[in-house]
Amino acid sequence: MYRWRGYLPLLMAPVLVMGFWNFRYPGGSHFLDTLWELVCLGVSMTGLLVRFLVMGYSPKGSSYVGESTARPLEGSLKTTAMYSLCRNPLYLGNFLMALGVFLFTQSLLVVVVYVFAFWLYYERLILGEEEFLSRQFGQEYLRWTERTPLLIPKFSLWVKPESPFSWRRALRREYKRVFGVVGIMALFEMIGDLVVEGKIEPDPVWFALFAAALAFYLSGLILKRKTRLLDVKR
């Protein structure tokens, strides 16, 4: 389940198709539809921001639950920065990132199905990880869980990390997702226009957003493969 967690949205593809089956512009207005789409993009970008902060504040040698939980982890437990606000900030980022995509359909049923599927799937992951981490870190981990919320952040608990924020680490890990989210939403925008108007006309707003996201992706790709600017000490 851990290995395939990133493919959960793909399993929801039939639900998205159902959401677009009776797609309509809110109030019959293409302008209102564009405003709603930008709200959805904002929700997804908030999720990406959460992930960006998690990656940038993750210090060298901190614990990470990988594909296998059969071997001990090296390093220390993450309890500062984003991990002081909630115990699963990466999963919170994933939830918000995909939520914006599913909100795009304007279907309450689609959103409810997504939230239920996310809860059902990630609850299993979190329970398995917490059992594993409690064995690895003992009382230190239990004390942290007692004061730190599971998923909904509590900002008053913020603990400043010892390591400075690394934009290199964050950009290296997350630049692809920015393009992925904008690309999917640009595609959905065209599908929505096709369903409502029976034709596809490039939207200037989404054309500009897609072009900016593509430029961001290509810049990150070049910096990662052709330079050492994004190199980080692991």
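## Aromatic cluster, salt bridges and a bent helix

Ring pairs join Y91, F95, F102, Y114, F118, Y121 and Y122 into a cluster; rings of Phe, Tyr and Trp (its six-membered ring) pair if their centres lie within 6.5 Å, and planes under 30 degrees apart count as stacked, over 60 as edge-to-face and the rest as tilted. The structure is a predicted model, in which local features need pLDDT of at least 70 and side-chain atom pairs count only at pLDDT 80 or more, while totals for chains, interfaces and linings use all residues. Residues are numbered from 1 along each chain as its sequence is written, and side-chain values use heavy atoms, with hydrogens and water left out.

By the ring rule, the count comes to 20 aromatic pairs. The rings of F95 and Y114 have centres 5.7 Å apart and planes at 15°, so this pair is stacked. The pair links distant parts of the chain, with F95 in helix α5 (residues 89–103) and Y114 in helix α6, 19 residues apart. Helices (H or I, at least four residues) are DSSP runs, numbered from the N terminus. F95 is buried at 18% relative accessibility, and Y114 is buried at 2%. Buried means under 20% relative accessible area, exposed over 50%, and partly exposed in between (1.4 Å probe, protein chains only).

Helix α6 (residues 108–147) has 40 residues, but its end C-alpha atoms are only 34 Å apart, short of the 58 Å that a straight helix would reach at 1.5 Å a residue. The expected span is 1.5 Å times one less than the number of residues. Helix α6 bends by about 125° at F137, where the bend is the angle between axes fitted to the seven residues ending there and the seven starting there.

Side chains of opposite charge can pair when their charged atoms come close. A salt bridge is a side-chain nitrogen of Lys or Arg within 4 Å of a carboxyl oxygen of Asp or Glu. The whole structure contains six salt bridges, including those in the table.

| Salt bridge | Closest N to O distance |
|---|---|
| R87 and E130 | 2.9 Å |
| R135 and E131 | 3.6 Å |

By contrast, R135 is exposed at 54%, and E131 is partly exposed at 49%. R51, E174 and R177 are linked in a network of salt bridges.

Definitions and conventions. Helix = DSSP H or I, 4+ residues; strand = E, 2+ residues; numbered from the N terminus.
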